[in-house]
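Subject: Structure for you to look at

Hello,

Here is the structure I promised to pass on. Please open it first and keep it beside you while you read the notes below.

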Amino acid sequence: MNGIKIITLVIIFFTGCINAYAQTDSVRVWNKWCSKKDTMLLFTTANNVISVYSPTLKPADIKLKSLDNSLRIGNHPEIKGDTLSVMAMPYPDKGKRMRLAIMYKKTNKIIKTIEFNSDIVPPLVARVGIIKTNEALRKDILAQMTLKSSFPNSLYSYPYAIKQYTFKVSHEKGSAIINVNGVFLTKDVLQQIKDAPTGTIIEFTGIKATCPECATRTLPDIKLKIK
């Protein structure tokens with residue numbers, strides 16, 4: 001073998017290595033419903049969608065395979081734009097490891113292996129805007145625009161939205177019950193909060209929340225003391 005052929009083979013070899021490394025390094029994987037996209041976390045008894053993106057590979061060239069019984073993925077990944085997505089569900093009782101292989105479909109070679117952890121999802125609750133305590137300054141309450149739903153102390157971020165609630169207030173100067181359709185603190189609700197004496201407890205009851213393709217849920221009442 002002459003020198004030119006040897007040099008050519010060396011160049012091809014290193015080019016292949018570089019390309020393989022580039023593909024491995026550039027693949028991005030995340031759970032659509034985890035609020036921290038760099039955290040490989042799946043949630044038990046919840047919605048999980050694993051998304052995969054690579055600037056060097058087309059989504060149609062990517063194949064996904066679970067390497068452990070503790071991780072199950074859907075049989076029909078979806079392609080939207082430059083991203084491949086698949087439904088996933090963790091089963092931590094079946095094993096500690098939850099590995100997903102990102103493969104090059106034409107050769108079935110593994111480009112990258114991702115290991116997930118699992119976490120439980122706490123009950124869904126509602127809160128007044130960003131207020132997380134059971135009492136707040138009047139000005140801070142009035143600064144809020146909506147009721148919000150959340151999973152306390154969790155990275156689970158499935159998009160539930162408040163669709164209705166009932167506002168209740170009672171004190172020595174009067175009382176009110178206001179039914180609200182939607183998520184906003186209406187002018188009537190805000191006015192009642194403005195007029196209520198310091199120390200009054202306002203209530204939000206009958207809070208209904210919904211999300212895409214799921215049934216409406218009733219959330220626990222909110223009781224908030226005006227400071």
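Ser70 is found in the loop that runs between E4 and strand E5 (71-73). The names come from DSSP runs numbered from the N terminus, where a helix (H or I) has at least four residues and a strand (E) at least two. This is a predicted model, in which local features need pLDDT of at least 70, side-chain atom pairs count only at pLDDT 80 or more, and totals for chains, interfaces and linings use all residues. Residues are numbered from 1 along each chain as its sequence is written, and side-chain values use heavy atoms, with hydrogens and water left out.

Ser70 has a relative accessible area of 1%, so it is buried. Buried stands for under 20% relative accessible area, exposed for over 50%, and partly exposed for what lies in between (1.4 Å probe, protein chains only). Leaving aside residues up to four places away in sequence, Ser70 touches Met89, Pro90, Tyr91, Lys94, Gly95, Arg97 and Met98; contact means heavy atoms within 4.5 Å. Tyr91 also has the charged end of Arg72 over its ring, 4.5 Å from the centre. For that, NZ of Lys or CZ of Arg must be within 6 Å of the ring centre and within 35 degrees of the ring normal.

Next, the sheet that contains E4. Its four strands are in the order E2-E9-E8-E4, and this open sheet has mixed pairing. Two strands pair if DSSP finds at least two bridges between them. E2 and strand E4 (62-66) are the edges, each pairing on one side only. E4 is joined to strand E8 (residues 98-104) by five bridges in the antiparallel sense, and Ser66 stands opposite Leu100 in E8.

Strand E13 has two partners to look at. With E14 it makes eight antiparallel bridges, and a hairpin of two residues connects E13 to E14. Thr166 faces Asn179 in E14. With E15, E13 makes six antiparallel bridges; there Gln164 has Lys208 as its bridge partner.

Which residues touch the most other members of the largest nonpolar core? They are Tyr165, Phe167, Ile202 and Phe204, in a core of 37 residues. Such a core is a set of buried Ala, Val, Leu, Ile, Met, Phe, Trp, Tyr and Cys residues joined through side-chain atoms within 4.5 Å. Among the elements that each supply at least two residues of this core are strand E13 (161-171), helix H3 (187-195) and strand E15 (201-210). A second, separate core has 19 residues, including Ile50, Ala88, Ile111 and Ile114. In soluble globular proteins, nonpolar side chains tend to be buried together.

Last, the aromatic pairs: the whole structure holds eight. Rings of Phe, Tyr and Trp (its six-membered ring) pair if their centres lie within 6.5 Å; planes under 30 degrees apart count as stacked, over 60 as edge-to-face and the rest as tilted. Phe151 and Tyr160 are edge-to-face, because their ring centres are 5.9 Å apart and their planes stand at 70°. Both Phe151 and Tyr160 are buried. Tyr165 and Phe204 make a tilted pair, with 5.7 Å centre to centre and 55° between the planes. Tyr165 lies in strand E13 and Phe204 in strand E15, so this pair ties together parts that are 39 residues apart in sequence. Tyr165 is buried at 2% relative accessibility, and Phe204 is buried at 0%.

Regards
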